[in-house]
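Subject: Structure handover

Hello,

Here is the structure I said I would pass on. My notes follow below it.

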Amino acid sequence: MKQIPVILDGDPGHDDAIAWVLANSSPKLKILACTSVCGNQTIEKTTYNALRIMALINLKVPFAMGRPRPLVGDPIVAPNVHGQTGLDGPKLPEPAIVPLSIGSVELIAKIIEESDEPVTIISTGPLTNVGAFLLLYPHLKPRIARISMMGGGISTGNWTPAAEFNILVDPEAADIVFRSGVPIIMSGLDVTLKALVFPEDFERIRTLKNPVAIVVAEWLDFFYNFHRKLGYAGAPVHDAVAVTALIHPEILSSKDLFVQVETTGDYCRGMTIADRLGVLGQRANAKVITGINRKAFVDVLIKAASNYGKDNNG
Ligand code: BDR
Ligand code: CA
């Protein structure tokens, strides 16, 4: 099978962690490198979490730490959602590798430059690293196959009424990405609020009994505990949709739209605005995922977790 070469860039984060578990278990993807970004927690904490996740799933690829701050604004963290560590819940193994001495942007450039074929970036946090990469290495744009990102929403926000967390943290970086001309798959709140994993699904994962599956179930317990209080019927595993868009696009529906990012404004900073009626006459710059077969998504996660019970994984 021809594999899709990818770089994982995220701010783990419970749903980032599950996204990485999913990516690492798929024979359709070849993970070339991982990078951390500040978002759910400080860069030190998301970096430590990323390395612990990699140790858990036995993912040994080059890793570099991201920038300590968004491009322009101040960091925003989300301890209410992900805990003080950014990945509260089950005990995880200590890191098995150390970050490279170069930063995330340099590592992304190196990997893309050295790859025989265009590389896909899977972004599950603020777009700080990706935006900085596009600014600093514009000549490498044609070497990016696509950016599959979790962020934004064309119908609602979650951190403000207008803005989704990842875009709100670094709207300037998101603006660079959406203006870049690189193909974008946008898994925003339009789909990820439907990507719900219910408590009975957690049990199906837990009963797989392998060490990774047990941790995934416990991450879901923690993540759902926050969302339950807000009235959610399950845990919205936002970031795993950005991986699903590459490995199981058949369970998703989408619209090609022209999307812009609001970087100013009293109420709407970080909003992603889609020209649904085509009033601007611009060519679509993003495949906006809008729908998901929830049960099939749960089955994809369960299959991924079950793979870690086999010898070659985890
Ligand atoms: C996004 O924000 C973070 O808290 C999650 O990890 C996800 O990437 C959802 O708005
Ligand atoms: Ca995330």
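Where is the place of Asn58 in the chain? Asn58 lies in the loop between helix 2 (43-56) and strand 3 (63-64). Please keep in mind that this is a predicted model.

Backbone points

Asn58 is not a glycine, yet it has a positive phi of about 55°. Its relative accessibility is 42%, so Asn58 counts as partly exposed. Lys209, also a residue other than glycine, has a positive phi near 70°. Lys209 belongs to the loop between helix 9 (199-206) and helix 10 (211-228), and with a relative accessible area of 64% Lys209 is exposed. The peptide bond from Pro12 to Gly13 is cis, with omega near -10°. Gly13 is in the loop between strand 1 and helix 1. These entries are listed because most residues other than glycine have a negative phi, and most peptide bonds are trans.

Asp11 and Thr124 link distant parts of the chain, being 113 residues apart. Asp11 is in the loop between strand 1 (4-10) and helix 1 (14-25), while Thr124 is in the loop between strand 4 (119-123) and helix 5 (128-136). Both Asp11 and Thr124 are buried.

Ligand 1

Ligand 1 has a shell of residues around it that includes Asn40, His82, Met150, Asn158, Glu164, Phe165 and His238. Oxygen atoms of ligand 1 lie 2.6 Å from a side-chain N or O atom of Asp15, 3.0 Å from one of Asp16 and 3.0 Å from one of Asn166. Of the 280 Å² of accessible area that ligand 1 has on its own, the protein covers 97%. Ligand 1 sits in the largest pocket. Helix 1, helix 6 (165-169) and helix 11 (238-247) are the elements that each give two or more residues to its shell.

One further residue

Is Val197 buried or exposed? Val197 is buried, with a relative accessible area of 1%. Val197 is part of strand 7 (residues 196-197). The C-alpha atoms of Val197 and His248 are separated by 17 Å, and the two residues are 51 apart along the chain.

Regards

How values were computed. Residues are numbered from 1 along each chain as its sequence is written. Chains are lettered from A and ligands numbered from 1 in the order in which they are written. This is a predicted model: local features need pLDDT of at least 70, side-chain atom pairs count only at pLDDT 80 or more; totals for chains, interfaces and linings use all residues. Side-chain values use heavy atoms; hydrogens and water are left out. Helices (H or I, at least four residues) and strands (E, at least two) are DSSP runs, numbered from the N terminus. Buried means under 20% relative accessible area, exposed over 50%, partly exposed in between (1.4 Å probe, protein chains only). A residue is near a molecule or strand if one of its heavy atoms lies within 4 Å of it. A polar contact is a pair of N or O atoms within 3.5 Å; within protein, one must be able to donate a hydrogen and the other to accept it, and residues adjacent in sequence count only if both atoms are side-chain atoms. Accessible areas come from the Shrake-Rupley method with a 1.4 Å probe; for residues, only the protein chains shown count as cover. On a 1 Å grid over the protein atoms alone, a cavity is a set of points where a 1.4 Å probe fits but cannot get out, and a pocket is an open set with protein on both sides within 12 Å along at least five of seven lines; lining residues have an atom within 4 Å of a point. A molecule sits in a cavity or pocket if more than half of its atoms lie within 2 Å of its grid points.
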